[in-house]
Amino acid sequence: MDHIRPVPAGAPSPEDGTSGTDLTDLLRRSGRGDEPAFALLYDATAARVFGLAVRVVRDPAQAEEVTQESFLEIWRTAGRYDPDRGSALSWLLTITHRKAVDRVRSAEAASRRDTSYQQHNQPVEHDSTAEAAEASLEARRVRGALAALTEVQREAVGLAYLGGYTHTEVATMLDLPVGTAKTRIRDGMIRLRDALGVSS
Amino acid sequence: MTDVHALSGAYAVDALDDLERAAFERHLVECAECRAEVASLRETAALIAETTAVAPPPELRDRVLAGIATVRPLPPQTPAATVRRHRPRLLLAAAAAVVLVGAGGIVWQEPWADDTSQQVSAVDAVLTAPDAGKASEEFPGGASATVTYSNSLGKAVIETHDMPPPPEGKVYQIWFDQPGKGMVSAGVMPVVADLTLLLAGDASTATAAGITVEPEGGSEEPTTTPIALFEFAGQDA
C-alpha cells in the first residue's frame, strides 16, 4: 500500500473525519496546561508542521528549530485560539508558516536565494520533499486541485506559500508586472478553495 | 479600496512585506469581508500543507515536550485584553509628548526621556529652525513620515501621519546614516500612528535617516531593508 503514514502509531488520523473536532479539543485542553493533550496534538500534526517548515526553509536543522518554536508558541497561545475564526489545523499552520517565513526573510537566506530558479520553479507535485510526503488521500485530492489551476496561478501560489517569497519577488521570478502576482496568488487560492470545497 | 482587498490572498500566504502586512491588518479590522476571505484562504493553505507532510525526527518530540513543560500557557484573551491592542491609537492626542514606548515596554534611551517639556521645546526648535530641511516618504495606504533636520542645531525630528502599527512583536527603528560609521540607531519609534519625536544622535553629520522594522526592543544595527529612507540634502557648512 502506498498509504505511508509517518505518524506514530495511535495518533488520531487526519483522515478519519473527526480530526478537526479532536484537534480543537486537544488545543483547548492544551490551553489549560494539559501536557498529555498537547502530546497528542503534536503526534497528530507534527508531520504537517515539520513538512511545511522544511519546504519553506529547506534546511532540515532550521526546520526543526522552526517546528520547535512553532509548537512552543502553539502551547503558549492555545488558550487564545478561537474556533469561530477558523479550524485548529489552519491556526496552527498559520503560526508555523509565519515562523518559517520570518526565518528565511530575516536570515537573508543567501544560500537559499542562490539556489537555482529552476529548482523553485518545479511544480509542487514533483518537488523533492514531496517524495517523502505523506501519501494521504487528502494530499492527493489537493494535488489534483493544484494541477487544475492555470500554470501561472499554480506557480504563484507555490512560490508564495511553499517558497516563502513575497508577491513582489514572485512577480520578478515569474516575469509578471509588479502588482499582478498578488492577483494571481489570490485568484489561484480562491480557485483552489472552491475546488476543495472549503467553506468561505 | 479594491486595491487593498486584492492583498487578501498574498496576506493569507504571508507574501506581503512587513509594511504591506501592517497596512492590510489595519484594513482587516474594518473589513469583515476580507476577514472572512482570509480565513477561508488560510484553511485552503492548510490543505496545501497536506502535500508536504514529512515525519520529523523522533527526538524532536522529546525536545518539544520538554520545552513546553517549562512554559506557562497564556490566559485566554478577555474582551478587555482585546481592546488594549488598539489603545495606543486612541491616545494620539498625547503623542507629541510620548517618550515611553508601549509595545514591549521599550524605554526611550535619551537623557531627556524623563523630561517631556524639554523634548517638546527641542522639537519646536528643530521644526522652526531657519536652516531646517525636510525629507518625506509616503507609504501605501496613505501613511506618511517627514524628517526635519537642522544643521545648526545638530538635531532632527520625525513626524508620522497615519502610520500603521508595526507587525506584532516588531517595532519601527530609526537610524542615521553616519559617514564612516554606517547606520547608527536614532531610537525605537513609539507605537503611535501620528508621532512627533526628536531623534537621538547628531543630525548635522548624518547624510540620511532610515526606518527599519526590527524585533521588539530594537537592534544594534539594521537587520532588514529600510521601509523608508530620508536623504538629507544641502547640508552645507
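Trainee: Where is B:Asp18 found?
Mentor: B:Asp18 is found in helix α3 of chain B, the helix that covers residues 18–30. Please keep in mind from the start that we are looking at a predicted model.

Trainee: Which side chain is joined to that of B:Asp18 by a polar contact?
Mentor: That is the side chain of B:Arg21, and the polar contact between the two side chains is 3.0 Å. If we leave out residues up to four places away in sequence, B:Asp18 also touches B:Pro167 and B:Val213.

Trainee: OK, stepping back, how many helices and strands does chain B have?
Mentor: Chain B has 8 helices and 8 strands, and buried residues make up 49% of its 237 residues. Among the contacts in chain B between residues at least 6 apart in sequence, 59% join residues at least 24 apart.

Trainee: And what about chain A, how many helices and strands there?
Mentor: In chain A there are 11 helices and 0 strands. Buried residues account for 52% of the 200 residues in chain A, and 66% of the contacts between residues at least 6 apart in sequence join residues at least 24 apart.

Trainee: Let's look at helices α2 and α3 of chain A, then. At what angle do their axes cross?
Mentor: The axes of α2 (residues 35–57) and α3 (residues 60–77) of chain A cross at roughly 140° and come within 9 Å. The two helices, α2(A) and α3(A), are therefore oblique to each other, and their crossing is right-handed.

Trainee: Which residues make that contact between α2(A) and α3(A)?
Mentor: From α2(A) they include A:Phe38, A:Leu41, A:Val49 and A:Phe50, while from α3(A) they include A:Val66, A:Phe71, A:Ile74 and A:Trp75. By class, the residues of the contact of α2(A) with α3(A) divide into 15 nonpolar, 3 polar and 2 charged.

Trainee: What sits in the loop between α2 and α3 of chain A?
Mentor: A:Arg58 lies in that loop, and it has a positive phi of about 75° although it is not a glycine. With a relative accessible area of 23%, A:Arg58 is partly exposed.

Trainee: Switching to the two chains together, how do α9 of chain A and α4 of chain B pack?
Mentor: Helix α9 (residues 151–162) of chain A and helix α4 (residues 32–48) of chain B pack at an angle of about 85°, with their axes 12 Å apart. Helices α9(A) and α4(B) are therefore roughly perpendicular to each other.

Trainee: Which residues meet there?
Mentor: A:Val157, A:Tyr161 and A:Leu162 in α9(A) meet B:Ala45, B:Ala46 and B:Ile48 in α4(B). The contact of α9(A) with α4(B) has 6 nonpolar residues, with no polar and no charged ones.

Trainee: One last thing, where does B:Pro226 lie?
Mentor: B:Pro226 lies in the loop between β7 (208–215) and β8 (228–231) of chain B, and it is partly exposed, with a relative accessible area of 38%. Leaving aside its neighbours within four places in sequence, B:Pro226 is in contact with B:Ile211 and B:Thr212. C-alpha to C-alpha, B:Pro226 and B:Ile174 are 9.2 Å apart in space, although they are 52 residues apart in sequence.

Terms used. Residues are numbered from 1 along each chain as its sequence is written. Chains are lettered from A and ligands numbered from 1 in the order in which they are written. This is a predicted model: local features need pLDDT of at least 70, side-chain atom pairs count only at pLDDT 80 or more; totals for chains, interfaces and linings use all residues. Side-chain values use heavy atoms; hydrogens and water are left out. Axes are lines fitted to C-alpha atoms, for helices over the stretch in contact, and angles run from 0 to 180 degrees between N-to-C directions. Helices (H or I, at least four residues) and strands (E, at least two) are DSSP runs, numbered from the N terminus. Angles under 35 degrees count as roughly parallel, over 145 as roughly antiparallel, 65 to 115 as roughly perpendicular and the rest as oblique. A crossing is left-handed if the near helix is turned anticlockwise from the far one by less than a right angle, and right-handed if clockwise. Contact means heavy atoms within 4.5 Å. Ala, Val, Leu, Ile, Met, Phe, Trp, Tyr, Cys and Pro count as nonpolar, Asp, Glu, Lys and Arg as charged, and the others, Gly among them, as polar. A polar contact is a pair of N or O atoms within 3.5 Å; within protein, one must be able to donate a hydrogen and the other to accept it, and residues adjacent in sequence count only if both atoms are side-chain atoms. Buried means under 20% relative accessible area, exposed over 50%, partly exposed in between (1.4 Å probe, protein chains only).
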